[in-house]
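Please look through the model shown here before reading on. The paragraphs that follow go from strands to helices and then to the packing of side chains.

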Amino acid sequence: MLEEVERWLARRSWSVADRPLDRLVGAKRAARGGGTVSVVLPALNEEATVGEIVGVIRRELMTDEVPLVDELVVVDSGSTDRTAEVAAKAGARVEHRDAILPRLPALPGKGEVLWRSLLVTSGEIVCFVDADLREFSADFVSGIVGPLLTEPDVAFVKAMYDRPLGDTPGQGGRVTELVARPLLNLHWPQLAGFVQPLGGEYAARRSLLERLPFPVGYGVELGLLVDALHTTGLDALAQVDVGVRLHRHQDGQALGRMAAAIYRTAQLRLSRGHLVRPALTQFERGENGFVPRTHEVDTEERPPMTEITEYAAHRAA
């Protein structure tokens with residue numbers, strides 16, 4: 001590991017316990033409006049978990065005593081279950097992906113939802129939280145928002161955590177260990193200190209996010225992390241230990257598609273070119289042997305939000 005990264009680990013890696021809620025509330029009040037916080041949950045068919053996440057945030061971080069979060073938005077990306085109904089009943093404002101910036105037809109993918117969320121939120125700090133978390137703790141929000149309220153030089157904060165696979169501790173980040181971590185260590189060694197580079201829980205200053213392109217699919221986490229490094233420098237990035245993350249795990253085929261999208265995102269940033277063949281063929285066993293299934297690899301990115309005319313009008317409103 002680079003000496004620079006070792007110094008960064010000592011300087012920019014914290015635990016959620018390092019910043020109690022009363023300290024964060026005090027820092028937010030001292031910011032005099034500059035510390036407004038929006039929490040965004042991208043959601044697709046998450047009726048089983050989204051309500052509890054919304055409820056915990058409202059009960060613990062949106063009260064008169066702890067007014068840490070100003071805005072809680074669930075962006076529904078086309079759910080066919082009761083996700084939107086459950087989220088609204090729990091107290092979130094629900095926005096539908098296709099209704100945001102309707103002049104641009106929506107593309108499938110998580111990154112598309114995160115990008116569009118900048119148009120329907122107003123906080124100067126934007127916090128993203130996956131909607132499939134189980135046994136959710138408010139630490140996931142307060143932990144990653146904390147450094148942005150107390151450290152003026154920090155612009156982007158990732159959560160780090162243990163990620164068990166079933167009953168096996170530490171085995172939940174398969175794409176991280178097999179794809180993302182090798183790519184980062186080989187090509188962006190300054191980012192080798194991030195424990196969960198692909199984690200879906202992170203917070204950033206709007207002034208940074210609005211200047212970054214957003215890969216529309218699975219590559220969004222790696223893309224934002226790499227681009228944030230190039231935009232702000234390593235010392236503006238940080239990570240906070242928030243405990244244990246429990247969520248639904250993808251099957252092997254889905255992980256393969258995720259890995260391909262992440263590789264493509266890295267390749268684009270290395271060369272600013274294009275894959276020769278942006279497709280991935282996988283195999284499933286059928287009645288007469290293995291059957292090939294070919295999937296398109298995400299090759300679209302959305303431009304920095306500052307290039308979108310409607311965003312300037314939204315910010316001026």
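How many bridges join strand 5 to strand 8? The two strands run antiparallel and are joined by 4 bridges; strands count as paired if DSSP finds at least two bridges between them. The model is a predicted one, in which local features need pLDDT of at least 70 and side-chain atom pairs count only at pLDDT 80 or more, while totals for chains, interfaces and linings use all residues. Residues are numbered from 1 along each chain as its sequence is written, and side-chain values use heavy atoms, with hydrogens and water left out. Helices (H or I, at least four residues) and strands (E, at least two) are DSSP runs numbered from the N terminus.

Strand 8 also pairs with strand 7, in the antiparallel sense, over 3 bridges. Arginine 205 in strand 8 is the bridge partner of isoleucine 125, and alanine 203 in strand 8 is the bridge partner of valine 157. From strand 8, Tyr202 and Ala204 point one way, Ala203 and Arg205 point the other way, and all are buried. Buried means under 20% relative accessible area, exposed over 50%, and partly exposed in between, with a 1.4 Å probe and protein chains only.

Helix 6 covers residues 139-150. From first C-alpha to last, its 12 residues reach 16 Å, close to the 16 Å expected at 1.5 Å a residue; the expected span is 1.5 Å times one less than the number of residues. Helix 6 is mostly covered, with 11 of its 12 residues buried. Glycine 146 belongs to this helix and counts as buried because its relative accessibility is 0%. Arginine 23 is 123 residues from glycine 146 in sequence, yet the two C-alpha atoms are 8.9 Å apart.

The whole structure holds 5 aromatic pairs. Rings of Phe, Tyr and Trp (its six-membered ring) pair if their centres lie within 6.5 Å; planes under 30 degrees apart are stacked, over 60 edge-to-face, and the rest tilted. Phenylalanine 140 and tyrosine 161 make a tilted pair, 6.0 Å centre to centre with 35 degrees between the planes. This pair links distant parts of the chain, since phenylalanine 140 is in helix 6 and tyrosine 161 is in strand 7, 21 residues apart. Both phenylalanine 140 and tyrosine 161 are buried. Phe128, Phe156 and Tyr202 form one aromatic cluster.

Beyond its neighbours within four places in sequence, valine 175 is in contact with Ala180, Leu198, Leu255, Met258, Ala259 and Ile262.

Lastly, a loop between strand 2 and helix 3 holds threonine 49. Threonine 49 is buried because its relative accessible area is 11%. Apart from neighbours within four places in sequence, threonine 49 is in contact with Ala131, Asp132, Leu133 and Arg134.

Technical notes: Contact means heavy atoms within 4.5 Å.
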